[in-house]
Amino acid sequence: MSEAQHTPGPWELRECDIVAPSVTGLNGGLTVVASLYGRMSGRDTGADMRLFAAAPELLDAMEDVLPTLIGLHIATEQQSASTEDAIAKMSAAIAKARGG
């Protein structure tokens with residue numbers, strides 16, 4: 001697992017902003033990670049913003065689970081294509097989040 005290059009979580013949704021704890025303690029102890037200006041073209045802007053806000057925790061969870069999943073997959077005599085698919089998808093998502 002590499003060092004985080006994004007604003008550390010947890011992030012939370014506050015109206016049209018996604019905020020995170022501020023390392024400086026300024027601005028009420030929060031820093032704005034992203035703001036929604038105007039209108040997003042998606043079907044459900046609220047759902048999209050909640051997904052954005054959950055991103056750091058989702059990344060952490062995948063990075064925690066992936067080595068265990070790989071270990072179990074290797075140790076299992078009946079290796080499944082669905083597990084291989086899950087490992088590939090998680091690895092790709094982590095690489096995308098890390099800029100790879």
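In which elements of the protein is confidence lowest and highest? The mean is lowest in strand 1, at 84, and highest in helix 2, at 92, where confidence is expressed as pLDDT, the predictor's score for each residue from 0 to 100. This is a predicted model, in which local features need pLDDT of at least 70 and side-chain atom pairs count only at pLDDT 80 or more, whereas totals for chains, interfaces and linings use all residues. Residues are numbered from 1 along each chain as its sequence is written, and side-chain values use heavy atoms, with hydrogens and water left out. The protein averages a pLDDT of 83, and 86% of the residues score at least 70. Where pLDDT is low, the predicted coordinates should not be read in detail.

The protein has two helices and three strands, and their order along the sequence is β-β-β-α-α. These elements are DSSP runs numbered from the N terminus (helices: H or I, at least four residues; strands: E, at least two). Of the 100 residues in the protein, 16% are buried. Here buried means under 20% relative accessible area, exposed over 50%, and partly exposed in between, with a 1.4 Å probe and protein chains only. Contacts, defined by heavy atoms within 4.5 Å, also reach along the chain: among those between residues at least 6 apart in sequence, 41% join residues at least 24 apart.

Gly-29 is partly exposed, with a relative accessible area of 24%. Beyond its neighbours within four places in sequence, Gly-29 is in contact with Ala-20, Pro-21 and Ser-22. Leu-30 lies in strand 3 and is partly exposed, at a relative accessible area of 22%. With neighbours within four places again left aside, the contacts of Leu-30 are Arg-14, Val-19, Ala-20, Pro-21 and Ser-22. Leu-30 and Ile-18 are twelve residues apart in sequence, and their C-alpha atoms are 9.8 Å apart in space.

Helix 1 bends by about 50° at Ala-55, and the proline Pro-56 follows within four residues. The bend is the angle between axes fitted to the seven residues ending at a position and the seven starting there. Buried residues of helix 1 include Met-49, Ala-53, Pro-56, Leu-59 and Leu-66. Strand 1 (12-14), strand 2 and helix 2 are among the elements that cover the buried residues of this helix.

His-73 also lies in helix 1, and its relative accessible area of 11% places it among the buried residues. Apart from residues up to four places away in sequence, His-73 touches Gln-79, Ser-80, Thr-83, Glu-84 and Ile-87.

Which residues make up the largest nonpolar core? They are Trp-11, Ile-18, Ala-20, Leu-36, Met-49 and Ala-53, six in all. Strand 2 (17-21) and helix 1 each supply at least two residues of this core. Such a core is a set of buried Ala, Val, Leu, Ile, Met, Phe, Trp, Tyr and Cys residues joined through side-chain atoms within 4.5 Å. Apart from this core lies another, of five residues, among them Leu-66, Ile-87, Met-90 and Ile-94. In soluble globular proteins, nonpolar side chains tend to be buried together. Leu-36, a member of the largest core, is in contact with Cys-16, Thr-45 and Met-49, leaving aside its neighbours within four places in sequence.

The structure also holds two salt bridges, each a side-chain nitrogen of Lys or Arg within 4 Å of a carboxyl oxygen of Asp or Glu. One joins the side chains of Glu-12 and Arg-14, at 2.7 Å from N to O. Glu-12 is partly exposed, at 35% relative accessible area, and Arg-14 is likewise partly exposed, at 42%. The side chains of Arg-98 and Glu-63 form a salt bridge at 3.0 Å, N to O. This pair links distant parts of the chain, 35 residues apart, with Arg-98 in helix 2 (residues 81-98) and Glu-63 in helix 1 (residues 45-75). Glu-63 is buried, with a relative accessible area of 10%.
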